[in-house]
Amino acid sequence: MIRTYALLAWTWTRAAAQYPLSFALMTAGGLVVGGLDVAVIWVIFANTGELAGFGLTEVMFLYGASQLAFALADLLFGNVDKISQHIVAGTLDVMLIRPASPFVQVAADRFTPHRLGRSIQAGAVLAAGLAGLDVPLGRVWMVPVMVVSGIVIFAALFTLGGALQFLLTAAPEVANAFTYGGATLTQYPLSVYDTRIVRGMTFALPLAFVNWQPGLYVLGRPDPLGLPSWTGLLSPAAALALAAVAALAWRAGIRRYRSTGS
Amino acid sequence: MIEADRVGRTFTVRRRVVHAVRDLSFRVGAGEFVACLGPNGAGKSTTIKMLTGILTPTSGRVQVAGLDPSRRRTALARRIGVVFGQRTTLWWDLPLRDSLELVRLLYKVDRKVFRERLDEMCDLLDLGGFLATPVRQLSLGQRMRGDITAALLHDPAVLVLDEPTIGLDVVSKAEVRDFLRRLNAERGTTVLLTTHDLGDVERLCRRVLLIDHGRLAFDGTVDGLRATAPGRASIEDVVAELYLRSRTTPRTPPAPRPAPDGPSATA
Amino acid sequence: MPGHGAAVSLYPRLAWYGFRRHATYWAAALAGAFTNTVFGVLRAYVLIALWQARPGLGGYDVAGAITFTFLTQAFIGPMQLFGGGLDLPQRIRTGDVALDLVRPASLQMWCLSEDLGRAAYLFVVRGGPPALVGALLFGIVAPHAPAAFLVSVALGVVVSFGWRYIVALATCWVMDDRGLGVLSMVLTTFFSGLMLPLAIFPGWLGVLSRALPWSAMAQVPADVYLGTADPAPALGFQALWAAVLLALGALMTGAARRKVVIQGG
């Protein structure tokens, strides 16, 4: 699986290198797209000292953690939500005649390392946020754990979005509401949102486990909903649970495709 | 090598159940060269998809190279080669050689075997001149030769081709046909192809399967097919008459498949 | 050559075809409306938090900021704020553009007509749901000058087209439109007011961003709706940018025709 993925990713990287100007523009574009989010945060904090109880460095930390996870998940699995294009163009059939998993083939399809630019930008914001925060050593270990959990959660969301497109071939954009919507939702402290939304993101779609619950643990701040401080430590479990659901949904999607031909 | 036993396939199109293929039974032995004919929407593509593991049959049993395609898709992929005339399996922006190298790695073909095989194919299909050309710059005939090479690198026992000569000029057509004939004769590879070009049938196949309305309408030799409509001069007229005879009953619509659109994996 | 009368009826007909063509993709349009609505809700909460910390910021009250959010989300479809909406880059890549350039009609006006039809359809189908959901969930204010607002939206579409047409034609020289598309998307989303109202951009950035063409695509129509901008100068600003971008596009069309005719694509 990993070998096939690496093989295809490397091939696509070389294909992308055939258009050096576009490649450079896309890399720059990725950096600037991420930079735009930072510009928005900067404009907001140019106007206020704190947002929903959180200061600039705390928001940078939360933003950096979720966006680093999202950018890496997008780099590795973002193309899964292009499955409807493959269904429409008939290229999914081509993938099914090869001795490799269609999931790996779709995920690695049109792999573009320029998305790494976005990860570097998010990582820089995360580092800058952490540097300004003075987090005790006893809780810093949670940072890499939350980023990895975040990658798994976002990868699962991309997979769920892809699985959904087996049903909604004509309306693939619905999936964006969950994938890119999830990335946008976690850019800011969840205390910005209505408590009903926060509850939904904690107990139903576990987006609160990307950076909010583990972030509260790292920051040593109490949960506004009153959940215990160790809730954040459950991130890996929440991520694995969502990944299991996504894997089942994907298998159902492929089975449906092979049994309906549409 | 290929066995279809009372195979059926239904689709639900706008809540109506459509029988794309029904009760289809045939056997293709090792080393045979068989053409699958039928008007548009007759169920040829659906049949090919069931034989290659892309689509699961609703009823009946399929065996290809000793495997059930719907259950053992990946294992089957290593034993068969598939060529789609209307879609390429090559990587659009890469030189042909790189696409073939990638196929080698995907199918885990040994480097030495690959080299010998590629040399042989270069010889037979005259690939040498454009191995370094990106696939998007190849002519349709060159691309088809590249696609056939890609499908044969792992030396499959069965080669399935869906309209391999579609859109090719007379010279390219002749080259592809000549190659397929030699492949079948010299290596003993079993070949099953669908086509609308009766030249393919006359020049290549000993046996013809005619599918219409999802059923097997004829299974026999080319001469046998001619005999079904005596007095017709060319094989084209014979087939046209067979198609027209069956017009009295409504035709099955094709499997739902919108038009291709936008850039994608390999096309 | 078609007479003057034929040309007059050609372009409205193209606009009608553009409308009908997009009407066949209603499922995609509704999916887009759904996504735009979800993002509108997320953005609205962030802006509410900001306006709670700084009431009256940028001359908007909280209701005004919420309205601004859902209006600009509703503009994403008709103004194509994320780019695209034209077949041109695809047709340039495949070489089909040569067929378009030999037609006895202006390529630019041809595309503009189709694009206006597209925008009209998406204004209703992709613009309606975010505005409606915003009104139901948070309450949005009524338009200050409805007629001026509709004119402003139409001018915004023309400015948006003028810009996207230039980006699309640039494919003639760059030969791969993806990188250009990203660059255009970045400029458009940030400087149109889609991410935050340009009124709260600090200092020189605020002044600059309000003078650039992208503000005519979202910020200006939203301000005309809210009454935070005088209609006459606002519409004049949009018309000026529309004229400048269309003129630039016409020059590029000439250059593209020479390139295609002389170099064969």
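**Briefing: a predicted model with chains A, B and C**

Buried residues account for 56% of the 262 residues of chain A. The model is a prediction. Two pairs of chains are in contact, and the pair A and C shares the most contacts. Chain B includes a stretch where pLDDT stays under 50.

**Chain A**

- Chain A is built with 13 helices and zero strands.
- Its elements, taken from the N terminus, read α-α-α-α-α-α-α-α-α-α-α-α-α.
- The radius of gyration of chain A is 19 Å. A compact globule of 262 residues would come near 18 Å, so the value for chain A agrees with that expectation.
- Along the principal axes, the C-alpha atoms of chain A fill a box of roughly 55 × 40 × 30 Å.
- Of the contacts in chain A with a separation of 6 or more, 80% come from residues 24 or more positions apart.

**Chain C**

- Chain C has 13 helices and zero strands.
- Along the sequence, the pattern of chain C is α-α-α-α-α-α-α-α-α-α-α-α-α.
- Chain C has 265 residues and a radius of gyration of 19 Å. This agrees with a compact globule of that length, because such a globule would have a value near 18 Å.
- The box filled by the C-alpha atoms of chain C is roughly 60 × 40 × 35 Å, again along the principal axes.
- In chain C, 52% of the 265 residues are buried.
- Take the contacts in chain C between residues at least 6 apart in sequence: 81% of them join residues at least 24 apart.

**Where chains A and C meet**

- Chain C brings 32 residues to this contact, and chain A brings 31 residues.
- On the side of chain C that touches chain A, helix H2 (26-53) and helix H10 (177-191) of chain C each supply at least two residues.
- H2(C) gives the most to that side, with 15 residues.
- By class, the side of chain C that touches chain A holds 25 nonpolar, four polar and three charged residues.

**Chains B and C**

**A buried site in chain C: Ala234(C)**

- Ala234(C) sits in helix H13 of chain C, which covers residues 231-263.
- Ala234(C) counts as buried because 23 other C-beta atoms lie within 10 Å, and the cut-off for buried is 20 or more.
- Beyond its neighbours within four places in sequence, Ala234(C) contacts Ser152(C), Val220(C), Asp223(C), Val224(C) and Ala229(C).

**Confidence in chain B**

- Chain B has a mean pLDDT of 85. In chain B, 91% of residues reach 70 or more.
- Residues 253-267 of chain B stay under 50 in pLDDT. For this stretch the model has 42 contacts beyond four places in sequence.

Terms used:
Residues numbered from 1 in each chain as written. Chains lettered and ligands numbered in written order. Predicted model: local features only at pLDDT ≥ 70, side-chain atom pairs only at ≥ 80, totals over all residues. Contact = placed C-beta atoms within 7 Å. Helix = DSSP H or I, 4+ residues; strand = E, 2+ residues; numbered from the N terminus. Nonpolar A, V, L, I, M, F, W, Y, C, P; charged D, E, K, R; others polar. Buried ≥ 20, exposed ≤ 12 C-beta atoms within 10 Å, placed from the backbone. pLDDT = per-residue confidence, 0-100. Rg over C-alpha atoms; globule rule 2.2 N^0.38 Å.
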